[in-house]
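Here is a friendly walk through one protein model, written for someone who likes to know the cut-offs behind each term. Please have a look at the sequence and structure first.

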Amino acid sequence: MTTEEEKTRRAGPARRAIVGRLSWGLADQAASSLSNFVVGIYVARSLGLAAFGVFSLAWVTYGVVLSVSRGLATDPLVVRFSGVPDWSWRRAVAQSSGTALGVGTAIGAVCLVVGLALGGRVGPAFACLGVMLPGLLLQDAWRYAFFAAGTGRKAFVNDLVWGVALVPAMVVAARVGTVAAFVLAWGVSAAVAAVYGCFQSGIRPRITRAREWLREHRDLSYRYLAENVGVSGASQLRAYGLGAIVGVSAVGVVRGAELLLGPFMAVLMGLSLVTVAEAARVLRRAPHRLGTFCLLLGGVQAVAALLWGAALLLMPDRLGELVLGDVWSSASELIVPVTLGVAAAGLGTGAAAGLRALAAARRSLRCQLFASACYVGGGLGGAAVANTVGSAWGVAAATVCGSCAWWLQLRAALRERHQNSIPEVRTS
């Protein structure tokens, strides 16, 4: 057998393994996003636009805290412990999941105090979010741990457990009829899945080892923390700013438009669960293919987003009202700019995965801070000029700029790595 034939024979199973892991990532995120989609739709239809705006504020706050947890706990885990021996993975997961649990406990206490102090309509929602944060973050930590080990099936089952537990919790919340009740229902069902994750993995989170984890991985974790908070913090600033400029209902309108892209976002987020781990594997086995892998990954996501947006434009108003109720009429005006923004974001995630795999934390941080600044500036500047629609178009333009920055940084990082890998030629 020739060398080329042997390479071809080995490439087949490797490709099938990658496709299998990506498929489990999509299946897992489909289960997770379906749960989130149902919660959002249920709140929008049950409580109206203003209450949905309050729920959306709690949601984006959770997104910021989740980004903190991922930056400190799970992102370093995926970069450094994907495809490692089982004993090494188990030790790392015990520490990283303990770190996530510690982040949830600490920030949850702050949210509880702030929520009790605020009162009104917003305060109870934030107080309940604070109580639920430890379980929410631990559940997310298990998902990333399973994908780092290449066992995405377990992550899918865990999210399925969350979805099943969510059904009776939502029924009880609907009878109570408040935003706080829906936040509690969402969080309690996540806590059930978090406990189940302990049995799946056979690992107990070691919150006492969080300091050791942070010390060992501080070269990555603090940069990833700043990078992730830049993303979610920008979303939160935009939401708060939009509420201040236009009104809380505008936040609900934007969230409604995002829900319309929920099925596609499930694909985007599902791939993001495994793309860094897969890019890291490509880098170890065939580093010259990393750029092509990232371009294919980002291009497919961008095209899929555009196709989904085109389908939404053809959707009858009757069907839209059935899904979002009173939120539909306003949210439908944002389909085009939101679709363009998501397509640009999908293209950028391919480059982001490559930078993460290269452990180029300084470059990715620089890029994310630029993209986040554009996002906030475009979102709030557009809101000041043309209210909610202007904010959506401003975000779309900002996301395109951010995607260009990601690809420029990946290109520079790949060139730098190639130059460093060329052995020095001695002339004497």
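## Ground rules

This is a predicted model, so please keep in mind that local features need pLDDT of at least 70 and side-chain atom pairs count only at pLDDT 80 or more, while totals for chains, interfaces and linings use all residues. Residues are numbered from 1 along each chain as its sequence is written, and side-chain values use heavy atoms, with hydrogens and water left out.

## Overall fold

The protein has 14 helices and 0 strands. Both kinds of element are DSSP runs numbered from the N terminus: helices are H or I with at least four residues, and strands are E with at least two.

Of the 428 residues, 54% count as buried. Here buried means under 20% relative accessible area, exposed means over 50%, and partly exposed lies in between, with a 1.4 Å probe and protein chains only. A contact means heavy atoms within 4.5 Å. Among contacts between residues at least 6 apart in sequence, 83% join residues at least 24 apart.

## Nonpolar cores

A nonpolar core is a set of buried Ala, Val, Leu, Ile, Met, Phe, Trp, Tyr and Cys residues joined through side-chain atoms within 4.5 Å. The largest one has 54 residues, of which Phe55, Tyr62, Leu136, Val183 and Trp186 touch the most other members. Helices α1, α2, α3, α4 (152-176), α5 (179-201) and α6 each supply at least two residues of this core. Its largest share, 14 residues, comes from α1.

Which residues does Phe55 touch, not counting those up to four places away in sequence? They are Val39, Val43, Val179, Phe182 and Val183. A second, separate core of 20 residues includes Ala353, Ala357, Ala360 and Trp407.

## Salt bridges

A salt bridge is a side-chain nitrogen of Lys or Arg within 4 Å of a carboxyl oxygen of Asp or Glu. By this rule the count comes to 8. One of them pairs Arg80 with Asp219, with the closest N and O atoms 2.5 Å apart. Arg80 lies in helix α1 (residues 3-80) and Asp219 in helix α7 (residues 218-245), so the pair ties together parts that are 139 residues apart in sequence. Arg80 is partly exposed at 30% relative accessibility, and Asp219 is partly exposed at 38%.

Arg91 forms a salt bridge with Glu212, where the closest N and O atoms are 3.1 Å apart. Since Arg91 lies in helix α2 and Glu212 in helix α6 (residues 210-216), this pair ties together parts that are 121 residues apart in sequence. Arg91 is partly exposed at 36%, whereas Glu212 is buried at 19%. The bridge between Asp140 and Arg143 has its closest N and O atoms 3.4 Å apart. Asp140 and Arg143 sit 3 residues apart in helix α3 (residues 122-148), separated by about one helical turn, and both are buried. Salt bridges that share partners join Arg70, Asp140, Arg143 and Asp159 into one network.

## Surface

The protein exposes about 18900 Å², and carbon and sulfur atoms supply 65% of it. Accessible areas come from the Shrake-Rupley method with a 1.4 Å probe; for residues, only the protein chains shown count as cover.

Leu306, Leu313, Leu314, Val336, Leu340, Val389 and Trp393 form a nonpolar patch with about 650 Å² of accessible area together. Patches are made of residues with over 30% relative accessible area and no salt bridge, with like charges joined within 9 Å and nonpolar side chains (Val, Leu, Ile, Met, Phe, Trp, Tyr) within 5 Å. The elements giving two or more residues to the patch are α10 (290-313), α13 (335-357) and α14. Trp393 lies in helix α14 and is partly exposed at 42% relative accessibility.

## Single residues worth a look

Ser96 lies in helix α2 (residues 86-118) and is buried, with a relative accessible area of 2%. Not counting residues up to four places away in sequence, Ser96 touches Ala73, Leu77 and Trp213. Asn387 belongs to helix α14 (residues 361-421). Its phi is near 55°, a positive value in a residue other than glycine, and Asn387 is partly exposed at 46% relative accessibility.

How many disulfides are there? With a disulfide taken as a pair of cysteine sulfur atoms within 2.5 Å, the count comes to 0. Cys111 is buried at 9% relative accessibility, and Cys294 is buried at 0%.
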